Amino acid sequence: MKAHLLSGTSVKQIEIVKVKDSTCLRYTDDVSVEEPLEIRIIYYLSGKKESKNISVTMRTPGNDPELAVGFLFTEGIITGNEQIKTICYPENACSKNSENSIIVELNESFVPELMKVERNFYTTSSCGVCGKASIESIKTVSIFKEHKKENTEVSLEILYQLSEKLQSFQNNFSITGSIHAAGIFDLEGNLLALREDVGRHNALDKLIGYALSANLLPLGNKILLLSGRASFELIQKAAMAGITTVAAIGAPSSLAIELAKEFDMTLLGFLRNNRFNIYHCGSHFKIENLL
């Protein structure tokens with residue numbers, strides 16, 4: 001399957017296989033571009049210039065300065081725009097790295113309280129925050145990277161039932177209409193566990209935390225179903241849990257598809273109303289009754 005960027009940086013066209021009922025058709029689809037953004041600050045301590053990488057967040061390119069300032073404000077690192085001296089992209093031989101990094105230099109008279117944000121942000125090395133470096137970094141820390149994948153075969157009938165089953169068990173969604181869910185199914189379509197949260201990443205973290213506590217990892221012969229879109233972070237978390245088949249009711253991002261291919265994970269999107277798109281079919285995966 002080929003892929004190329006459109007004139008803008010927020011949309012990417014890729015060739016997919018569109019499945020409806022028991023037929024499939026090659027199709028050119030638009031997917032949202034997802035890239036990491038490294039937020040770095042420069043500040044002055046006792047007259048000495050200091051630099052600190054604060055976060056790497058996944059985003060659609062565009063309005064990066066606003067994103068950086070908003071993040072610093074909501075995390076309590078700054079309290080006003082007057083504390084900012086300059087905002088710029090770094091000068092770097094790797095153009096991809098420059099586009100995906102931003103530096104906020106603070107005024108000499110202001111010292112940020114960095115202890116407020118001592119969190120475990122996702123960081124990368126090598127070529128900074130290029131997508132390839134992000135994926136390679138995940139490969140080095142996954143404890144299931146060498147785990148042999150089990151052959152997975154599921155029928156179209158079972159796949160088409162999953163989204164309705166997930167929604168029928170989403171108690172909070174039926175009340176609020178705004179809660180994300182992540183569910184694990186076996187190959188017969190039985191829902192084994194479901195977790196909900198206002199944040200899609202939190203819902204998946206809860207689900208994986210349950211599986212870890214119950215000694216169910218890795219989940220290679222199960223199907224993970226996401227109630228919304230499939231982002232890079234969600235595929236990353238799935239890979240860390242040894243999940244090899246991910247289906248989403250919404251769309252995947254470009255980097256999520258790249259990560260699925262790198263890990264040979266099956267990635268399905270728009271799974272609803274007796275249809276879905278195959279963004280990558282893992283070598284271990286087979287769908288029964290698919291022409």
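These legends walk you through close-up views of a predicted model.

**View 1. Strand 2 and strand 3 pair up as a hairpin.** Strand 2 covers residues 11-20 and strand 3 covers residues 23-32. The two strands run antiparallel, and ten bridges join them. Then move to the turn, where two residues lie between the strands. Here Asp21 has a positive phi, near 55°.

**View 2. Two charged side chains sit over tyrosine rings.** Find Lys18 and look for the ring of Tyr27: the charged end of Lys18 sits over that ring, 4.5 Å from its centre. Arg195 is placed over the ring of Tyr210, with its charged end 4.8 Å from the ring centre.

**View 3. Tyr160 and Phe276 form an aromatic pair.** Searching the whole structure turns up one aromatic pair. In this pair, the rings of Tyr160 and Phe276 are tilted, with 5.8 Å from centre to centre and 55° between their planes. Tyr160 belongs to helix 4 (residues 156-169) and Phe276 to strand 14 (residues 275-280), so the pair ties together parts that are 116 residues apart in sequence. Both Tyr160 and Phe276 are buried.

**View 4. Helix 8 has several buried residues.** This helix spans residues 254-262. Which of its residues are buried? They are Ser254, Leu255, Ala256, Ile257, Leu259 and Ala260. As you trace the helix, remember that an α-helix has 3.6 residues a turn, so residues three or four places apart point the same way. After helix 8 comes Asp264, which has a positive phi near 55°.

Note on methods
Residues numbered from 1 in each chain as written. Predicted model: local features only at pLDDT ≥ 70, side-chain atom pairs only at ≥ 80, totals over all residues. Heavy atoms only, no water. Buried < 20%, exposed > 50% of the residue type's maximum accessible area, 1.4 Å probe, protein only. Helix = DSSP H or I, 4+ residues; strand = E, 2+ residues; numbered from the N terminus. Pairing = 2+ DSSP bridges. Phe/Tyr/Trp six-rings, centres within 6.5 Å; stacked < 30°, edge-to-face > 60°. Lys NZ or Arg CZ within 6 Å of the ring centre and 35° of its normal.
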